[in-house]
Amino acid sequence: RQELYQALRDKPARTRDGIDVRLMMNAGLVVDMSQMEASGADGIGLFRTELQFMVASTFPRADRQEELYREVIEKADGKPILFRTLDIGGDKVLPYFRNAPHEENPAMGWRAIRLTLDRQGLFRTQIRALLRAARGQKLSIMLPMVTEITEIEQARDLIEREESYLKRHGYDLPSEIRIGVMLEVPSLIWQMDRLSGLVDFISVGSNDLFQFIMATDRGNPMVGNRFDSLSCTFLRALRHIVRDCERLSIPLSLCGEMASRPIMALALAGIGFRTLSMSAASIGPVKAAFRDVELNDLSDKLNAAIDHSDKQDIRAFLADYAETNG
Ligand code: PEP
Ligand code: MG
């Protein structure tokens with residue numbers, strides 16, 4: 001199997017009926033970058049910047065942040081990287097973050113963009129580090145846990161302030177700055193029309209989105225058997241997002257764990273996703289699955305199944321489909 005995946009490294013994830021799916025990888029540290037070449041990933045669909053903060057014993061200084069981002073950009077060698085701004089809080093605690101409040105419900109509490117908009121120094125330092133690291137190159141910044149449009153407006157405003165600060169001080173800026181959001185809070189699904197003028201891309205964070213749509217704690221083993229991303233209800237919600245993004249011409253990807261499982265990746269492409277980001281180790285198996293499928297055929301049948309069946313049937317349907325179609 002490993003040899004098969006190795007042999008596929010430089011081949012596209014092209015289905016039998018000629019549809020290309022972009023396979024990106026999730027990363028968070030410099031060490032992950034060595035897997036970029038080895039896996040044949042088309043880029044980094046999610047760079048979790050909080051990892052540098054989680055492995056440190058104090059807040060990483062601005063220069064250390066910049067150094068990390070520069071190294072990652074160099075190693076990506078022109079392939080796109082979506083840098084997600086700090087997603088701390090919730091299950092990602094920093095022991096050295098004093099005055100962090102005790103929260104009954106941290107997943108729905110003071111985390112990610114909420115925290116960084118309240119602690120603007122943290123956000124602005126990170127943005128400045130990103131802008132400096134990406135000078136002369138394309139930079140994509142992705143905002144986590146966005147719930148309301150105003151959060152994007154505030155974040156954009158802070159990013160623009162950092163841009164003008166750097167310009168005023170004679171620094172070169174990135175050649176292009178794209179700003180996108182993670183869609184992981186369901187409220188955004190009903191704000192898509194307003195999103196379209198404000199963001200350059202959307203990436204679905206299916207781990208959190210599932211947790212919030214299904215009210216099922218992603219980290220609680222007592223409900224682990226309910227955390228099934230192939231739930232018909234959830235696939236319908238995802239398909240709704242795909243259709244809205246097509247209608248509004250917003251570039252869309254998905255970067256939750258479900259993209260790492262070949263059967264789920266097939267389902268995601270079946271409902272219309274064309275860019276998926278996953279763990280590097282999954283790129284080979286997922287690519288192999290795509291190269292073996294007639295996507296239009298799968299898509300027709302899957303969409304019919306989603307319209308007419310319940311949760312169990314989708315998994316059975318996909319397993320059955322994979323079986324009968326090799
Ligand atoms: C997600 O929520 O799906 C996601 C990719 O972000 P994280 O797992 O880091 O919360
Ligand atoms: Mg998330």
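Guide: Helices are DSSP runs of H or I with at least four residues, strands are runs of E with at least two, and both are numbered from the N terminus. The model is predicted: local features need pLDDT of at least 70, side-chain atom pairs count only at pLDDT 80 or more, and totals for chains, interfaces and linings use all residues. Residues are numbered from 1 along each chain as its sequence is written, with chains lettered from A and ligands numbered from 1 in the order in which they are written.

Visitor: Where is alanine 215, and why is this residue called exposed?

Guide: Alanine 215 lies in the loop between α9 and α10 (232–248). A residue is exposed if 12 or fewer other C-beta atoms, placed from the backbone, lie within 10 Å of its own, buried if there are 20 or more, and partly exposed in between. Alanine 215 has 9 such atoms within 10 Å and is therefore exposed. Its phi is near 50°, a positive value in a residue other than glycine.

Visitor: What makes methionine 145 count as buried?

Guide: Methionine 145 has 25 C-beta neighbours inside 10 Å and therefore counts as buried. This residue sits in the loop between β4 (138–143) and α7 (149–168), and its phi is positive too, about 60°. Most residues other than glycine have a negative phi.

Visitor: Why are α11 and α13 called roughly perpendicular?

Guide: Axes are lines fitted to C-alpha atoms, for helices over the stretch in contact, and angles run from 0 to 180 degrees between N-to-C directions. Angles of 65 to 115 degrees count as roughly perpendicular, under 35 as roughly parallel, over 145 as roughly antiparallel and the rest as oblique. Helix α11 (residues 262–270) packs against helix α13 (residues 295–308) at about 85°, with the axes 8 Å apart. The two helices are therefore roughly perpendicular.

Visitor: What makes α4 and α6 oblique?

Guide: The axes of α4 (residues 62–76) and α6 (residues 120–133) cross at roughly 40° and come within 8 Å. The pair is therefore oblique.
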